[in-house]
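Work through the following exercises with the sequence and the coordinates side by side. Each task is followed by a solution that goes step by step.

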Amino acid sequence: MEYYNNTTTNVNHSNGTSNTPEHYKVILKWISFVIFLGIIAFNALVIVLLLSRKKKTRMGFFVTNLAISDLCLGLFYVFPELVFNKFGVPWNKYVCYIVYAFFSQWSAYVSIYAIVVMSIDRLYVIVRPLSAASKGQKYRFGLASVAWITGSVLAVQYVVHTEFWNTERTFCVHFIPYREVISTDEIIPKDRVISNAKIKTIKLLLVVVCVYILCWTPIYVGAYLQFYANIKAGLIYNVLYTFAPLNSFANPLVFLIFNFKMFRSKEKMTDSHLMHMNTVKTSLGSKRHH
């Protein structure tokens, strides 16, 4: 994806970004490939682990929803960018309108709003714990579907404002280079009634939100500087653009790290309980022997 300083268009073409030296293009291409593999592998792992659990939790449902949205971002946003811009496969009309104009933007929006709906659910659990506990599958699926429907509606405007140019090189052009940035500020009351499990899920969510801000804010700032300050895209911008989807790589890792810690603590508690039971049995056996 390339922004030109003398126009308001957002251009994707088959030869990559012209303002980046060739050896840096090669490095960014393979970094993007590794990010793509990481997004697919780790999100698929999280989905399998959560769906295979016998006990289904509320937080697990929304983490699964986020993992599926990140998986879609890898398939429909990172992969087309990798194939058509990094590896130089020529665009065609159908890929331009269907994949770039709709599905890539749809997956990016859904990934954003999956974090938003998870934030809303956590806030609801904290503010109205009794009412939240009574909510069933209709509430969960209804809230999760908001992210997917909203992403679909917002992605339509990209199709409307996208054109395919087939000249000496193939171009996929979008005339309105912007995307709404959603900021979620979650209110976390300092109440001792909040359980340790809820605190852990809140911490997990905050890490996910912070990772998103760190990954995507620089690219948004760079895009607006190019649009309003007439700054030409260069190496720094393209490095930021390559690393922007890294949050979809990091989200499943954050979940696995948090749950690994919880698993380790449970394992230690189980070992301690077994040692205590063995001690009691040994003591009772020695008393009976005497």
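The exercises below move from the whole chain to single residues.

This is a predicted model, in which local features need pLDDT of at least 70 and side-chain atom pairs count only at pLDDT 80 or more, while totals for chains, interfaces and linings use all residues. Residues are numbered from 1 along each chain as its sequence is written, and side-chain values use heavy atoms, with hydrogens and water left out.

**Exercise 1. Describe the secondary structure of the chain and its buried fraction.**

Step 1: helices (H or I, at least four residues) and strands (E, at least two) are taken as DSSP runs numbered from the N terminus, and the chain comes to 8 helices and 4 strands. Step 2: read along the sequence, these elements follow the pattern β-β-α-α-α-α-α-β-β-α-α-α. Step 3: with buried meaning under 20% relative accessible area, exposed over 50% and partly exposed in between (1.4 Å probe, protein chains only), buried residues make up 43% of the 290 residues.

**Exercise 2. Characterise the surroundings of serine 119.**

Step 1: serine 119 is found in helix 3. Step 2: its relative accessible area is 8%, so serine 119 is buried. Step 3: a polar atom of the serine 119 side chain lies 2.8 Å from the backbone oxygen of isoleucine 115.

**Exercise 3. Locate phenylalanine 87 and glycine 136, and state how accessible they are.**

Step 1: phenylalanine 87 lies in the loop between helix 2 (58-86) and helix 3 (93-127), and because its relative accessible area is 37%, it is partly exposed. Step 2: glycine 136 lies in the loop between helix 4 (129-133) and helix 5 (137-160), and its relative accessible area of 38% makes glycine 136 partly exposed. Step 3: the C-alpha atoms of glycine 136 and arginine 58 are separated by 9.2 Å, although these residues are 78 apart along the chain.

Notes:
Polar contact = N/O pair within 3.5 Å; in protein donor to acceptor, adjacent residues only side chain to side chain.
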